[in-house]
Amino acid sequence: MLRRVGVSMAKRGYAVSLKKEVAHGVTMTEACVERIHKMNERNSQQPYLRLTIGPGGCKGAKYDFDWTEGPGESDHVFEKGGARLVVDPTSLDTVKGSQIDFLYEMKGNQFQVLRPGDSSYSTCSCGESFEVS
């Protein structure tokens, strides 16, 4: 079961409060969960996968995935099977309803945001950037 966990970081001087509720925003595939666990075995110092949206590509926006030691004060943390995904509030507005997957492809392995049936969203021909109308 996927859960959303709101976490304040004690390391940053904030009081730790864990609030679990069923997520209505972002889900993770089993392949995504497995990849997060595999990467955590290699680097336990940055156990969270962070998803942000930044400028880039021919459509104007792109997804960025990076590893981080924990969430910021206003970040949303999604958890499935012990794997944790951090999304900032601004990016969450765009990715709400999406599923995060991990793909093994000839051109390279990568995390990917899947948005099935979303007609307000279009990608460029190479799939590296997107636009929300």
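K62 counts as partly exposed at 29% relative accessibility, where partly exposed lies between buried (under 20% relative accessible area) and exposed (over 50%), computed with a 1.4 Å probe on protein chains only. K62 forms a salt bridge with D64, the closest N and O atoms being 2.8 Å apart; a salt bridge is a side-chain nitrogen of Lys or Arg within 4 Å of a carboxyl oxygen of Asp or Glu. The model is predicted: local features need pLDDT of at least 70, side-chain atom pairs count only at pLDDT 80 or more, and totals for chains, interfaces and linings use all residues. Residues are numbered from 1 along each chain as its sequence is written, and side-chain values use heavy atoms, with hydrogens and water left out.

**Salt bridges**

- The salt-bridge rule gives a count of four.
- D64, the partner of K62, is partly exposed, with a relative accessible area of 27%.
- E30 and K80 meet through their side chains in a salt bridge at 3.1 Å, N to O. This pair links distant parts of the chain, with E30 in helix α1 and K80 in strand β6 (residues 76–80), 50 residues apart. E30 is partly exposed, its relative accessible area being 46%.
- Helices (H or I, at least four residues) and strands (E, at least two) are DSSP runs, numbered from the N terminus.
- A further salt bridge joins the side chains of D75 and R50 at 2.8 Å, N to O. D75 lies in the loop between β5 and β6 and R50 in strand β4, so the pair ties together parts that are 25 residues apart in sequence.
- Both partners fall in the buried class: D75 has a relative accessible area of 10%, and R50 has a relative accessibility of 18%.
- In general, side chains of opposite charge can pair when their charged atoms come close.

**The sheet β3-β8-β9**

- Three strands form an open sheet in the order β3-β8-β9, with mixed pairing. The edge strands are β3 and β9, each of which pairs on one side only.
- Two strands count as paired if DSSP finds at least two bridges between them.
- Strand β3 (residues 27–28) runs parallel to strand β8 (residues 99–105), and two bridges join them. Across this pairing, T27 stands opposite Q99 and M28 stands opposite I100.
- Strand β8 pairs with strand β9 (residues 108–114) in the antiparallel sense over seven bridges. A hairpin of two residues joins β8 to β9.

**D101 in strand β8**

- D101 lies in strand β8 and stands opposite Q112 in β9.
- D101 is buried yet has no salt bridge; K80, the nearest side chain of opposite charge, is 9.3 Å away. For this assignment, Lys and Arg count as positive and Asp and Glu as negative, while His and the chain ends are not counted.
- The side chain of D101 makes a polar contact with the side chain of T29 at 2.6 Å. A polar contact is a pair of N or O atoms within 3.5 Å; within protein, one must be able to donate a hydrogen and the other to accept it, and residues adjacent in sequence count only if both atoms are side-chain atoms.
- Leaving aside neighbours within four places in sequence, D101 is in contact (heavy atoms within 4.5 Å) with T29, A31, C32, Q110, F111, Q112 and L114.

**The largest nonpolar core**

- The largest nonpolar core has 22 residues, of which I36, L51, L85, I100 and F111 touch the most other members. Each of α1 (30–42), β4 (48–56), β5 (60–68), β7 (83–87), α2 (89–95), β8 and β9 supplies at least two residues of this core. Helix α1 gives the most, with four residues.
- A nonpolar core is a set of buried Ala, Val, Leu, Ile, Met, Phe, Trp, Tyr and Cys residues joined through side-chain atoms within 4.5 Å.
- I36 is in contact with M28, P47, L49, W67, A83, R84 and F111, leaving aside neighbours within four places in sequence.

**T94 in helix α2**

- T94 is found in helix α2 and is partly exposed, with a relative accessible area of 22%.
- Not counting residues up to four places away in sequence, T94 touches I53, R115, F130 and V132.
- T94 and G25 are 69 residues apart in sequence and 9.8 Å apart in space, C-alpha to C-alpha.
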